[in-house]
Amino acid sequence: MVTQEQAVIRAVTSIDVARLAGVSQSAVSRAFSPGSSISDQTKQKVLAAAESLGYRPNRIPAIMLSGRSCMVGVVIGGLENPFYATALERLATALRESGLQVLLMHVDDALTLDNALDQLVSYRIDAIVTSLAIGSKTVAQALSRLRIPVVCFNSSLVGPWISTVNSDNHGAGFTAARLIMEKGRVRPVWLAGPERNAASLARAEGFLQGLQQTRTSPIEPTRLQGDDTYDSGYEAILSLKKQGIRPDSLFASNDMMACGAMDALREEMDLRCPDDVIMLGYDNIPQATWRSYDLTSFDQCTGKMVARALELLEKAFQAKDSSHSHTHIIDAKLIERGSTRLPL
């Protein structure tokens with residue numbers, strides 16, 4: 001019969017590792033501290049002993065001494081959109097490869113960091129990285145008061161300690177308008193994302209500007225409202241049908257809405273892409289390549305955005321207590337597929 005004392009499993013300590021490796025306890029500590037002075041031979045002995053014992057260093061003492069946790073809060077939301085899932089995967093992988101720990105936080109509101117603020121202040125994190133945007137000046141000010149680097153994607157608001165890496169949303173909108181006009185279309189539709197979405201607003205501004213500058217007689221597009229979901233794209237086309245409007249082109253603020261809109265055009269209005277309606281989306285999600293959609297889309301080049309975010313973090317860490325605020329723009333790449341390729 002197993003006694004209570006036998007059932008207690010003692011955690012392996014640095015003392016155990018030091019005994020097995022034949023080194024001092026301080027050598028074990030240095031072996032697991034980046035940048036510490038220790039010979040390669042001693043470090044390898046320590047790591048081998050730790051591996052055989054299943055030892056994992058306790059990070060709490062180092063955090064207490066240095067005030068640094070090497071932990072980055074990654075805030076996510078809207079995972080029903082494959083774009084955010086891809087961004088999360090690349091963010092987490094890149095952070096781990098940089099030797100940083102990831103603290104994952106999920107918020108219900110896929111647009112802003114507002115809902116995560118109370119959680120953020122309760123953890124000792126060294127930085128925040130998120131694919132979401134800051135939704136208000138009040139939240140931006142509160143984040144700045146934390147005095148840790150914050151890097152967002154596609155945020156129109158920044159401030160001390162807060163930087164953002166943005167897709168060229170305005171430029172992509174302009175390019176979408178130019179492509180539509182080059183195809184000879186005169187009844188365009190703009191399918192917007194949520195009203196507070198800074199990226200969608202910038203795409204709309206570029207699209208409207210492009211429609212005005214690519215013709216001698218500017219065209220005002222029909223404007224529809226969505227919420228970045230497939231269903232809202234479908235419902236937007238139903239509202240278009242009720243208005244008796246027959247579009248010949250459509251630019252959606254994201255691919256999810258574009259897919260919903262394309263299905264509704266086909267099923268509810270008997271309109272096909274690209275013969276009747278040419279269509280563009282944004283994000284270049286995997287569904288855009290599916291045969292039933294073959295959707296022309298703008299790729300935000302998430303890999304480049306993540307790389308730039310890590311560069312900003314590294315500079316901020318090097319600057320220590322100095323605040324930095326930068327805005328970087330990454331060109332969006334137009335991926336043209338069948339939804340805009342007219343038959344000869």
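Author: Contact here means heavy atoms within 4.5 Å. The structure is a predicted model in which local features need pLDDT of at least 70 and side-chain atom pairs count only at pLDDT 80 or more, while totals for chains, interfaces and linings use all residues. Residues are numbered from 1 along each chain as its sequence is written, and side-chain values use heavy atoms, with hydrogens and water left out.

Reader: How many helices and strands are there in the protein?
Author: Helices (H or I, at least four residues) and strands (E, at least two) are DSSP runs numbered from the N terminus. Counted in this way, the protein has 13 helices and 12 strands.

Reader: At what angle do the axes of helix H6 and helix H13 cross?
Author: Axes are lines fitted to C-alpha atoms, for helices over the stretch in contact, with angles from 0 to 180 degrees between N-to-C directions. The axes of H6 (residues 82-97) and H13 (residues 302-319) come within 10 Å, and they cross at roughly 40°.

Reader: How do the residues of the contact of H6 with H13 divide into nonpolar, polar and charged?
Author: From H6, the residues involved are Phe83, Ala87, Arg90, Leu91, Ala94 and Leu95, and they meet Thr302, Gly303, Val306, Leu310 and Leu313 of H13. Ala, Val, Leu, Ile, Met, Phe, Trp, Tyr, Cys and Pro count as nonpolar, Asp, Glu, Lys and Arg as charged, and the others, Gly among them, as polar. The division is therefore 8 nonpolar, 2 polar and 1 charged.

Reader: Which are the edge strands of the open sheet of 6 strands?
Author: Two strands pair if DSSP finds at least two bridges between them. The sheet has mixed pairing and the order S7-S6-S8-S9-S10-S12. Pairing on one side only marks the edge strands, S7 (222-225) and S12 (333-335).

Reader: Which residue in S9 does Leu250 stand opposite?
Author: Strand S8 (residues 249-252) and strand S9 (residues 278-282) run parallel and are joined by 3 bridges. In S9, the residue opposite Leu250 is Met279.

Reader: Which helix lies across S6, S8, S9 and strand S10?
Author: The helix in question spans residues 255-268 and runs at about 155° to S9.

Reader: Does Val12 count as buried, partly exposed or exposed?
Author: Val12 is found in the loop between helix H1 (4-7) and helix H2 (14-21), and, leaving aside residues up to four places away in sequence, Val12 touches Val17, Leu53 and Tyr55. Buried means under 20% relative accessible area, exposed over 50%, and partly exposed in between (1.4 Å probe, protein chains only). Because its relative accessibility is 30%, Val12 counts as partly exposed.
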